[in-house]
Amino acid sequence: MNHVVGDSYYANKTLHDSEIPNTSDPELLSRAKQATAFVNDASRGGHSIKNPFSGLSREQLSNIIYDESGTYTVNERHAAWRESYDQEEAWREKVAAQAMAEYNSTGKLTNFFSSVLDHFKELPAIEQAQYPKDYASDLQSKIDLDFNYRTHQAEGRGKDPMSLIEMLFEQSPQQANELHQKSENTTNSPTVRSNP
């Protein structure tokens with residue numbers, strides 16, 4: 001990603017602007033030229049040049065962004081990344097507004113967590129891999145808990161609300177067993193009294 005959007009990208013901007021795809025197809029050559037014009041205009045805050053990848057799906061954009069075969073120029077990959085970023089930002093603004101509305105009306109964020117989980121599941125696999133390993137299971141736990149932040153009560157449907165400690169240890173059974181054993185050792189150990 002550093003090559004496409006990070007410091008390396010900007011350090012080699014002149015090289016990227018002069019890059020021409022290895023093709024004689026006039027359509028592909030035109031697309032690469034438009035991508036360069038777009039990224040340069042956008043980097044100056046302009047909006048006059050259309051992104052050639054505007055409207056593509058996240059999967060299609062991801063295929064372009066992470067394609068290191070040389071099929072796309074670096075500026076084309078950067079343009080695809082900008083479109084993917086814009087789509088993600090638009091989704092985030094929408095879901096944040098829905099979260100505020102849900103909290104204001106119910107005191108909960110359960111639907112918000114469901115929306116985030118659904119969105120995560122729709123991301124291309126290469127993008128999912130960039131999230132923490134337990135990201136989806138953590139969201140599912142929050143959905144199942146159905147916590148009301150106003151009443152500070154878990155209102156989970158179909159299961160007893162868990163204590164915070166039980167919820168944390170649910171993700172690490174080994175730690176839960178160790179805690180249980182320590183608890184048993186403490187309660188079953190004979191009390192030693194010192195003689196006065």
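Visitor: How many aromatic pairs does the structure hold, and what geometry does the pair of Phe53 and Tyr72 have?
Guide: This is a predicted model, and the structure holds eight aromatic pairs. For Phe53 and Tyr72, the ring centres are 6.5 Å apart and the planes make an angle of 75 degrees. Planes over 60 degrees apart fall into the edge-to-face class, so the pair of Phe53 and Tyr72 is edge-to-face.

Visitor: Which parts of the chain does that pair link, and is Phe53 buried or exposed?
Guide: Phe53 belongs to the loop between α3 (26–43) and α4 (58–65), while Tyr72 belongs to the loop between α4 and α5 (74–106), so that the pair links distant parts of the chain, 19 residues apart. The relative accessibility of Phe53 is 3%. Since the limit for burial is under 20%, Phe53 counts as buried.

Visitor: What class of aromatic pair do Phe112 and Phe113 form?
Guide: Their ring centres lie 5.4 Å apart, with 55 degrees between the planes. Stacked pairs have planes under 30 degrees apart and edge-to-face pairs over 60, the rest being tilted. Phe112 is partly exposed at 22% relative accessible area, whereas Phe113 counts as buried at 11%. The class of the pair formed by Phe112 and Phe113 is tilted.

Visitor: Which residues form one aromatic cluster, and over which ring does the charged end of Arg150 sit?
Guide: The aromatic cluster consists of Phe120, Tyr131 and Tyr135. As for Arg150, its charged end is 5.2 Å from the centre of the ring it sits over, and that ring belongs to Tyr103.

Visitor: Which residues have the most contacts inside the largest nonpolar core, and which helix gives the most to this core?
Guide: The largest nonpolar core has 13 residues, and those with the most contacts inside it are Phe38, Val39, Phe53, Leu61, Ile64, Ala79 and Ala80. At least two residues of this core come from each of α3, α4 and α5. With four residues, the helix that gives the most to this core is α3.

Visitor: Is Lys13 buried or exposed, and with which residues is Lys13 in contact beyond its neighbours within four places in sequence?
Guide: Lys13 lies in helix α2, which spans residues 13–18. At 15% relative accessibility, Lys13 counts as buried. Once its neighbours within four places in sequence are left aside, Lys13 is in contact with Val39, Asn40 and Asn75.

Visitor: Where does Gln60 lie, and which backbone nitrogen does its side chain reach?
Guide: Gln60 lies in helix α4 and is partly exposed, with a relative accessible area of 40%. Although Gln60 and Pro124 are 64 residues apart in sequence, their C-alpha atoms are 9.1 Å apart in space. The side chain of Gln60 reaches, at 2.8 Å, the backbone nitrogen of Ser57.

Visitor: Why are the phi values of Asp146 and His152 worth a remark, and which of these residues is exposed?
Guide: Most residues other than glycine have a negative phi, yet phi is positive at Asp146, near 50 degrees, and at His152, about 60 degrees. Asp146, in the loop between α8 (135–145) and β1 (147–148), counts as buried at 3% relative accessibility. In the loop between β1 and β2 (153–154), with a relative accessible area of 59%, the exposed residue is His152.

Visitor: In what order do the elements of the protein chain run, and what share of its residues is buried?
Guide: The protein chain has ten helices and two strands, and from the N terminus on they run α-α-α-α-α-α-α-α-β-β-α-α. Among contacts between residues at least 6 apart in sequence, 54% join residues at least 24 apart. Of the 196 residues in the protein chain, the buried share is 30%.

Definitions and conventions: Residues are numbered from 1 along each chain as its sequence is written. This is a predicted model: local features need pLDDT of at least 70, side-chain atom pairs count only at pLDDT 80 or more; totals for chains, interfaces and linings use all residues. Side-chain values use heavy atoms; hydrogens and water are left out. Rings of Phe, Tyr and Trp (its six-membered ring) pair if their centres lie within 6.5 Å; planes under 30 degrees apart count as stacked, over 60 as edge-to-face and the rest as tilted. Buried means under 20% relative accessible area, exposed over 50%, partly exposed in between (1.4 Å probe, protein chains only). A charge sits over a ring if NZ of Lys or CZ of Arg is within 6 Å of the ring centre and within 35 degrees of the ring normal. Contact means heavy atoms within 4.5 Å. A nonpolar core is a set of buried Ala, Val, Leu, Ile, Met, Phe, Trp, Tyr and Cys residues joined through side-chain atoms within 4.5 Å. A polar contact is a pair of N or O atoms within 3.5 Å; within protein, one must be able to donate a hydrogen and the other to accept it, and residues adjacent in sequence count only if both atoms are side-chain atoms.
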